[in-house]
Amino acid sequence: MTDASKIQASGTDGKVAVVIVAAGRGARAGQANGPKQYQSIGGSAVIARTLDVFLAHPRTGPVVVAIHADDLDLFQQAASGHADRIMMVIGGATRQDSVRLGLLALRSHAPGQVLIHDAVRPFVDAELIDRTIATIGERQGALPALPIADTLKRESAAGMIGETVPRAGLHAAQTPQGFPFWPILAAHEKAHHLGKSDFTDDAAIAEWAHIPVKIVPGSPDNVKLTWARDIAMAHQRLSGERMHFPDIRTGNGYDVHAFEAGDHVTLCGVAIPHDKKLSGHSDADVGLHALTDALLATCGAGDIGTHFPPSDPQWRGAASRIFVEHAAKLVRERGGRIANADITLICEAPRVGPHREAMTSALSDMLRISPDRISIKATTNEKLGFVGREEGIAAIATASVVFPGEVPE
């Protein structure tokens with residue numbers, strides 16, 4: 001991490017500087033897990049998520065973070081991946097003073113514009129940053145804000161409603177607030193020298209210093225994490241976002257076996273009387289072989305020949321349900337949940353329809369899924385090709401598997 005006192009003037013190449021305010025104690029959010037800017041949401045510290053957004057933005061340049069003197073280790077851990085882009089200063093006793101110290105650290109860079117943002121607003125997004133930057137002028141600041149939607153009441157000294165405050169034109173201020181750099185630095189320095197320390201945000205200081213500030217549309221997602229419940233809801237939100245996008249994979253399988261002399265065929269685990277049988281090293285269950293390949297495809301585990309090579313004598317005449325159960329086990333070991341299995345048998349004979357229920361039951365047992373997640377269909381090849389000439393049977397299988405993906409902490 002770079003000490004701001006050691007920064008050399010290098011210019012900003014038109015980039016917008018950033019001051020992140022992170023020196024607060026966050027008492028309202030509780031201190032059991034440290035100040036709120038270092039508490040974990042979705043597996044990362046709040047401040048780390050905030051920094052990620054600004055450091056990834058193409059318009060931002062030098063970033064200064066004002067921290068509390070007691071939080072050095074916490075900050076270095078949270079910002080460890082960004083050491084080359086971040087300057088650190090020890091903040092003041094108030095937010096206002098921390099911003100001033102952050103601005104002072106940027107003087108050698110002489111940026112044209114600066115964004116000032118609360119570390120505990122981790123849901124700021126690139127579009128809001130764009131809107132704010134676009135509104136900053138040579139003598140004009142920019143304030144993202146949302147119109148007040150609630151009815152406002154002013155309390156009397158007796159704790160009763162004193163009056164209803166008209167909400168027309170009222171807005172709730174957000175950050176990042178953007179300003180031309182030198183005017184806002186001068187305003188902060190003037191307020192400091194005059195001992196005025198009661199400004200609650202930088203737009204208020206700008207207003208006092210007669211710097212015009214234009215309101216730009218804020219974002220309802222850009223909430224400030226103030227209370228312990230805000231931290232819990234932010235963590236739940238991030239965890240929920242991940243859970244809404246599970247890792248769903250679909251695998252396909254195809255197999256074909258020729259007929260030879262025999263008295264039955266085995267399809268999808270069911271023996272069906274027929275004047276021929278299918279030729280193969282195992283029981284030649286073409287439907288289960290195709291399904292095995294489909295399942296293995298969902299977890300990148302090769303194909304049926306990888307696990308059960310036909311050159312291995314132990315699989316001679318083996319029931320193909322062994323192959324399916326092995327593939328399903330591999331899927332489950334990798335955290336997968338089989339959502340659906342669909343098999344299409346392509347043959348002129350035998351008829352599949354009378355045996356569909358038994359096939360579905362057999363597959364339900366092999367895959368450990370309910371029958372309504374299994375589809376078995378049959379079609380002819382309209383007397384065309386080797387299937388049409390009744391020389392063999394082909395099968396196409398599709399399996400859908402849901403994997404957990406990245407599990408939130």
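**Helix packing and an open sheet in a predicted model**

The crossing of helix 8 and helix 10 is left-handed, that is, the near helix is turned anticlockwise from the far one by less than a right angle. This is a predicted model, in which local features need pLDDT of at least 70 and side-chain atom pairs count only at pLDDT 80 or more, while totals for chains, interfaces and linings use all residues. Residues are numbered from 1 along each chain as its sequence is written, and side-chain values use heavy atoms, with hydrogens and water left out. Helices (H or I, at least four residues) and strands (E, at least two) are DSSP runs, numbered from the N terminus.

Helix 10 covers residues 321-333, and its axis lies 9 Å from that of helix 8, at an angle of about 15°. Axes here are lines fitted to C-alpha atoms, for helices over the stretch in contact, and angles run from 0 to 180 degrees between N-to-C directions. Helix 8 and helix 10 are therefore roughly parallel to each other (angles under 35 degrees count as roughly parallel, over 145 as roughly antiparallel, 65 to 115 as roughly perpendicular and the rest as oblique). On the helix 8 side, Leu288, His289, Leu291, Thr292, Leu295 and Leu296 meet Arg321, Phe323, Val324, Ala327, Ala328, Leu330 and Val331 of helix 10, where contact means heavy atoms within 4.5 Å. Sorted by class, that makes 10 nonpolar, two polar and one charged residues; Ala, Val, Leu, Ile, Met, Phe, Trp, Tyr, Cys and Pro count as nonpolar, Asp, Glu, Lys and Arg as charged, and the others, Gly among them, as polar.

Helix 8 (residues 286-297) also lies across strand 14, strand 17, strand 18 (337-346) and strand 20 (392-403), running at about 155° to strand 14. Helix 11 (residues 356-367) packs on the sheet too, touching strand 18 and strand 19, and its direction makes about 140° with that of strand 19. The sheet itself is open, with five strands in the order 17-14-20-18-19 and mixed pairing. Its edges are strand 17 (276-278) and strand 19 (374-379), each pairing on one side only. Neighbouring strands are turned by 20° against each other on average, direction ignored. Strand 14 (residues 247-261) pairs with strand 17 in the antiparallel sense over three bridges; two strands pair if DSSP finds at least two bridges between them. Glu260 stands opposite Lys277 of strand 17.

Gln96, Asp97, Val99, Arg100, Leu103 and Leu104 supply the helix 3 side of the contact, and Phe181, Ile184, Leu185, His188, Glu189, Ala191 and His192 the helix 5 side. These residues divide into seven nonpolar, three polar and three charged.

Leu101 also sits in helix 3. With a relative accessible area of 25%, Leu101 is partly exposed (buried means under 20% relative accessible area, exposed over 50%, partly exposed in between, with a 1.4 Å probe and protein chains only). Leaving aside neighbours within four places in sequence, Leu101 is in contact with Val89, Ile90, Gly91 and Gly92.

Asp71, in the loop between strand 5 (60-67) and helix 2 (72-78), counts as buried at 2% relative accessibility. Not counting residues up to four places away in sequence, Asp71 touches Arg25, Pro35, Gln37 and Tyr38.
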